[in-house]
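I opened my notebook to go through this structure step by step and to write down what I looked up.

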Amino acid sequence: MTEEKNIQIEERLSELPLAQYAYIGLDELMFLDRVRYICETECPRYGTTWACPPAVGTVEECRERCLSYEEAFLFTTFSEVPDIANLEETLRFREGHEEVTRKVCEIFRGQGFEVMALSTESCAVCETCAYPEGPCRHPEKMFPCVESYGILLTDLAERHEIEFMYGGNVVTWFSLLLLRSIV
């Protein structure tokens, strides 16, 4: 990335409510079947949306898809929620993060990058997902879940000193953008 592009990106990013961010080398991404296993055994969205397994493909397919890019950009936002133990209520607060993710994608696309975004939990664009009967109705708005790709996010955050345990009712939302220069 040229210094001029980097300056323009940094200026635009500073306008957004990002808590922290880091550029990540693709060799730092860890793809683990055990992360996917958590999706399968603990997440009620498993098998119900295009943003989650098995619709996103195997962990190996996800790995290959990610590694076809040149670099990654990890960032966080956070929200204070009324009751962090209430998952359904907590997930309503992620919409703001997803909007920030769209804006960060636009910043990188405006600088000549192809972007694949992975984000929080699972997609909530539609009240009821078309999966598996039909194709995604809004693929341009849907971000697959980072963990659905088998990516160990906490390890990545810790290696880059990105805080994610604020305590109380504070939720840290993550997005991981895969970037490929097209100019």
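**Entry 1: the sheet**

I began with strand S3, which is mostly covered, since 5 of its 6 residues are buried. I note here that the model is a predicted one. I then looked for the partner of this strand and found that 6 bridges join S3 to S4, and that the two run antiparallel. For one example of such a bridge I took Val115, whose bridge partner in S4 is Leu179.

Next I asked myself in what order the strands of the open sheet stand. The sheet has 4 strands in the order S1-S2-S4-S3, and their pairing is antiparallel. Strand S1 (20–24) and S3 are at the edges with a single partner strand each, so one side of each has no neighbour in the sheet.

I went on to the pair formed by strand S2 (residues 71–80) and strand S4 (residues 170–181), which run antiparallel and are joined by 10 bridges. In this pairing I looked up Ser79 and found that its bridge partner in S4 is Val171.

**Entry 2: helices on the sheet**

I turned to H5, which packs on the sheet and touches S1, S2, S3 and S4, while its direction makes about 20° with that of S4. Helix H1 (residues 3–13) also lies across S1, S2, S3 and S4, and I noted that it runs at about 155° to S1.

Is Thr101 buried or exposed? Thr101 has its place in helix H5, and with a relative accessible area of 0% it counts as buried. Leaving aside neighbours within four places in sequence, I found Thr101 in contact with Phe75, Ala117, Ser119, Phe143, Ser175 and Leu177.

Phe174 is found in strand S4, and I recorded it as buried, because its relative accessible area of 11% is under the 20% cut-off. The C-alpha atoms of Phe174 and Thr76 are separated by 4.6 Å, although the two residues are 98 residues apart along the chain. Beyond its neighbours within four places in sequence, Phe174 is in contact with several residues, among them Leu74, Phe75, Thr76, His97 and Ser119.

Gln111 lies in the loop between H5 and S3, and I found that this residue, too, is buried, with a relative accessible area of 16%. When neighbours within four places in sequence are left aside, the contacts of Gln111 are Lys5, Gln8, Ile9 and Val183.

I looked at the second largest pocket, which has a volume of about 280 Å³. Its lining is made by 17 residues, and those that lie nearest its centre are Ala117, Pro139, Met142, Phe143 and Pro144. Helix H5 (95–110) and strand S3 (113–118) are the elements that give two or more residues to this lining. Which element gives the largest share of the lining of the second largest pocket? The largest share comes from H5, with 4 residues. By class, I counted 12 nonpolar and 5 charged residues in this lining, and no polar ones.

How many cavities of 30 Å³ or more does a search of the whole structure find? The search finds 1 cavity, and about 100 Å³ of space lies in the largest cavity. It is lined by 13 residues, of which Cys123, Val125, Cys126, Cys129 and Cys136 lie nearest its centre. Its lining divides into 9 nonpolar, 2 polar and 2 charged residues.

**Entry 3: the backbone**

I noted a cis peptide bond between Pro53 and Pro54, with omega about 0°, and Pro54 has its place in the loop between helix H2 (33–42) and helix H3 (59–67). A cis peptide bond also joins Tyr131 and Pro132, with omega about -5°, and Pro132 lies in the loop between S3 and helix H6 (153–159).

My last entry is on Glu161, which lies in the loop between H6 and S4 and has a positive phi of about 55° although it is not a glycine. Glu161 counts as exposed, because its relative accessibility of 65% is over the 50% cut-off.

How values were computed: Residues are numbered from 1 along each chain as its sequence is written. This is a predicted model: local features need pLDDT of at least 70, side-chain atom pairs count only at pLDDT 80 or more; totals for chains, interfaces and linings use all residues. Side-chain values use heavy atoms; hydrogens and water are left out. On a 1 Å grid over the protein atoms alone, a cavity is a set of points where a 1.4 Å probe fits but cannot get out, and a pocket is an open set with protein on both sides within 12 Å along at least five of seven lines; lining residues have an atom within 4 Å of a point. Grid points are joined across faces, edges and corners, and a volume is the space filled by probe spheres set on the points. Ala, Val, Leu, Ile, Met, Phe, Trp, Tyr, Cys and Pro count as nonpolar, Asp, Glu, Lys and Arg as charged, and the others, Gly among them, as polar. Two strands pair if DSSP finds at least two bridges between them. Contact means heavy atoms within 4.5 Å. Axes are lines fitted to C-alpha atoms, for helices over the stretch in contact, and angles run from 0 to 180 degrees between N-to-C directions. Buried means under 20% relative accessible area, exposed over 50%, partly exposed in between (1.4 Å probe, protein chains only).
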